[in-house]
Amino acid sequence: MTKIESYGNKPTRDGFGLGLVELGEKDERIVVIGADVSGSVKTSYFQDRFPERFISVGVAEQNATTVAVGLALSGKVPFFSSYSAFAAFRNADQIRVSICYNEANVKIGGGHSGLTVGPDGATHQSLEEVAFLRTLPNMTLICPADFEQAKKATIAIGEMVGPAYLRFGRPSVPMFTKPEDEFIIGKADLLREGTDVSIVANGIMVWEALKAAEALKEKHNINAEVINCHTIKPIDEEALVNSAKKCGAMVTAEEHQVHGGLSGAVAEVLVKNYPIPMEFVGVKDTFGGSGEPFELTELFGLTWKEIYASALFAIDRKKNGTSSIRKVKDVAIYTDGI
Amino acid sequence: MSLEINFSAKVFENRKRKYNEYDEIALTIRQDIIKSLVLAKSGHPGGPLGITDVMSVLFFGSVMKYDPSNSDWSERDRFVLSAGHMAPVQYSTLARAGYFPTEELKTLRKYGSRLQGHPGLDMHLPGIETSSGSLGQGVSIAVGMAMSDWIIDKNDRKVFCITGDGELQEGASWEAAMAAGSHRLSNFCWIVDNNDCQIDGRVTDILSVYPLKEKFEAFNFDVIEIDGHNYQQIQAAFDKFEENHKNNGLPTCIIAKTFMGKGVSFMNDEYKWHGNPPNEEQAETALSELI
C-alpha cells in the first residue's frame, strides 16, 4: 500500500549518541554524566571519544541530575542520560527545582522511552513523562521521529541555552527525514499537505501517521495532512491552528499515555484558538508489559491502523457533529484489505 | 509594629582574624536574623542562629575566596546552602560582606524580594550560587560544582556546602556523598550543622542519622568533629580542609555540633524554633540579649 519511502532503519538512540559526539567536537563545554547505562543510551560514544569530559556517578539518577546542575552553574553544558523511566520520574523533584527553577543549562536524554523498549516490561516503559515535563516552566521538550532527526535535535538542544529533555527510543525504526532537512526547535514539520483531517504525531508515530495518510487516500480518497510535532514544548501553535482551520478535524498520535502528552498539548492550543473534533491515539490509561517492541505497538494500538480509524471518526464528527462509529472498538473492520 | 527595626550599614572584611574579633560579626548576623524574621512574620530562626558562628569564620576569616563587588568572579570559591530554609543567615552574611545593601534584609519573604523564603537563583541576588530548599539537592549541586573545578577544569577553586543533620535523612544526600568520596573531590568541604533538631523533634528520635563520623568516613571523607560555636575549632577545621585540598586528599566533612537558636536564651536547643518566627515581644527580648 505504501508509497512513502524510508531509506533504512536505525535507532533514535544512535542519533542521540552520535549527535553528542558531534557536539563535543564543536564545543568543549559539553560534558556527559553517566549513570551506568551509557552503552544502552549511547553516551558511550562520547565517553570513548572524550573520556576526560565524561563523569560517571553510578546508578543514582537524582544525584546525576543535580550534579549536572552544578556543572551547568559552572559554565559547562552537561548532558545526563538514562532510561526515561528513571531520567524523568525518580529525579522529578531535581528536574523541577534544580534544573527548571534554576533555569540551569542541563540537557536530559531520556532513552528507552515508551512501549518499544519491549521485553523489559512495564517498569521500564515510560509512558507518562511528557505529561509531567511539559508543565515545567523553562523546559524545552523534544521527541524526534527518526535517527537523523534525533541527531539534529541533540545538536540543537546542545546549542540552545536552557533546560531541555530529548525523548528517544531503543529499537531500529524507519529513517525518512533527510540529512539536509532543516530542524528547528519549536517549529513543526509539515510532511504532507491535506484538507480533510490533520494528523499530528511525534516519535515513532510519525511514520505510522504517514502510512495512515496513504491508506486514507487509497481507500477513501481522503486527503490527510501530516505534521511531525517533534517539539512538544514550546509547541508550534501557529502550525497547529493553521492546520486545524484547513482540515477541521485532527488526530494526535504518540507513544505515550493519551492523557497529558502531545494530545493534551495540542488540545490546549486548539481549545483556546480553534476548537475542532479531535481524536487521540496513544496508550489508553494502562501500563505496558513484556513483549517484542512491534508486537506491543500492535497490541496496545499504536499503529497506523488506529490513526486511520481515528481519522475516520474525526471526519465523521466534523460532518455529523457526533460519530456513529465512535463506539466500535475493533478498528480492524475499517482497515480490512489494506 | 511598635518595635522599630533598622539595619546598620556595617560591613566586614574577609581577612585573617583573632578569634575574639568574630564576636561582633556573629552578634550582628544574629541581630539581622531576628530582625528580618520578625518583619517577615514567617521563616526559620533556629538553624540560622545555630550556624552563625561557622558562617562568620567561613566568610570573614579568609577561608573562602570571593569578591562582593564582582560576584561572578571566575576564580571565586563557592558556597551552597543546601539547607535552604536557613536562608536568613546566608542573606545577612552576604549583606554584611557587601554583596548588597543591608537595608534589603527588610524585604525577606516579601513579594518581589530578592530575598526569597528559600534562595532563588531567579531573583539574581549577588552571592547566591543556586536555588535550594528541596533538601538533599543543594549538596549534590555543590558536588557537581566541585567536579567541574576538580575533574574538568583542574583549577584551585573550592566549594563549601552546609546541610542540616535532618537533611541527611534524604537518600539523595548519600548519593552526593558517595559521588564526592568516590571521585575524591579534595576541593569539596561539606559542613553538617549538627544541632540534632528538625521540625518534628530531635533527629535522634525522629530518625537517627548516627553515627555520623563513621558514616562519612565510610564514604571516604576526612571527618572533623568540632564545637560549632568555638571559633578556634572552626578555624582549625577549615585549615585542615585547606591542607586536604593542597595535598589532593579526601573530601572534607566538618560535623559542627551546634545548638539551634544559639544566642537567644529561650530559643537555645529548642526544636520548636526550627520554623516559627519570633513575634514582636519575643523579638524584643531576643534583641535585648544580642548585645
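The centres of domain 1 and domain 2 of chain A, taken over C-alpha atoms, are separated by 27 Å. Domain 1 covers residues 9-174 and domain 2 covers 189-335 of chain A, with bounds that come from an automatic or database domain assignment. This is a predicted model, in which local features need pLDDT of at least 70 and side-chain atom pairs count only at pLDDT 80 or more, while totals for chains, interfaces and linings use all residues. Residues are numbered from 1 along each chain as its sequence is written, and chains are lettered from A and ligands numbered from 1 in the order in which they are written.

How do the two domains touch? In chain A, 28 residues of domain 1 are in contact with 31 residues of domain 2; two residues are in contact if their C-beta atoms, placed from the backbone, lie within 7 Å. On the side of domain 1 of chain A that touches domain 2, at least two residues each come from α7 (129-133), β6 (140-142), α8 (147-159) and β8 (172-174) of chain A. Helices (H or I, at least four residues) and strands (E, at least two) are DSSP runs, numbered from the N terminus. The most is given by β6(A), with three residues. That side of domain 1 of chain A has 16 nonpolar, nine polar and three charged residues. Here Ala, Val, Leu, Ile, Met, Phe, Trp, Tyr, Cys and Pro count as nonpolar, Asp, Glu, Lys and Arg as charged, and the others, Gly among them, as polar.

I turn to the sheet of chain A. Seven strands form an open sheet with mixed pairing, in the order β3-β2-β4-β5-β7-β6-β12; two strands pair if DSSP finds at least two bridges between them. At the edges are β3 (54-56) and β12 (231-233) of chain A, each of which pairs on one side only. From one strand to the next, the twist averages 20°. Within this sheet, β5 (residues 107-111) and β7 (residues 164-167) of chain A run parallel and are joined by four bridges. Opposite A:Lys107 stands A:Ala164 in β7(A).

Helix α1 (residues 12-26) of chain A packs on the sheet and touches β2 (30-34), β4 (77-83), β5 and β7 of chain A, and the direction of α1(A) makes about 140° with that of β2(A). Axes are lines fitted to C-alpha atoms, for helices over the stretch in contact, and angles run from 0 to 180 degrees between N-to-C directions.

The axes of α1(A) and α8(A) come within 7 Å and cross at roughly 40°, which makes α1(A) oblique to α8(A). Angles under 35 degrees count as roughly parallel, over 145 as roughly antiparallel, 65 to 115 as roughly perpendicular and the rest as oblique. The crossing of α1(A) and α8(A) is right-handed; a crossing is left-handed if the near helix is turned anticlockwise from the far one by less than a right angle, and right-handed if clockwise. Among the contact residues are A:Phe16 and A:Leu20 of α1(A) and A:Ala150 and A:Ile155 of α8(A).

Next, the contact between the chains. Chain B contributes 22 residues and chain A contributes 23 residues. On the side of chain B that touches chain A, two or more residues are given by α4 (137-153) and by α5 (171-182) of chain B. Which element of chain B gives the most to that side? The answer is α4(B), with twelve residues. The residues of that side of chain B divide into eleven nonpolar, seven polar and four charged.

The axes of helix α4 (residues 61-72) of chain A and α4(B) come within 6 Å and cross at roughly 55°; the two helices are therefore oblique to each other. In this pair, α4(A) passes α4(B) in a right-handed crossing. The contact includes A:Val67 and A:Leu71 of α4(A), and B:Ile141 and B:Met145 of α4(B). By class, the contact of α4(A) with α4(B) has nine nonpolar, seven polar and no charged residues.

Finally, some backbone details. Most residues other than glycine have a negative phi, and most peptide bonds are trans. A cis peptide bond joins A:Lys233 and A:Pro234, with omega about 0°, and A:Pro234 is in the loop between β12 and α10 (237-247) of chain A. In chain B, the peptide bond from B:Tyr210 to B:Pro211 is cis. B:Asn220, a residue other than glycine, has a positive phi near 70°, and is found in the loop between α7 and β6 (222-227) of chain B.
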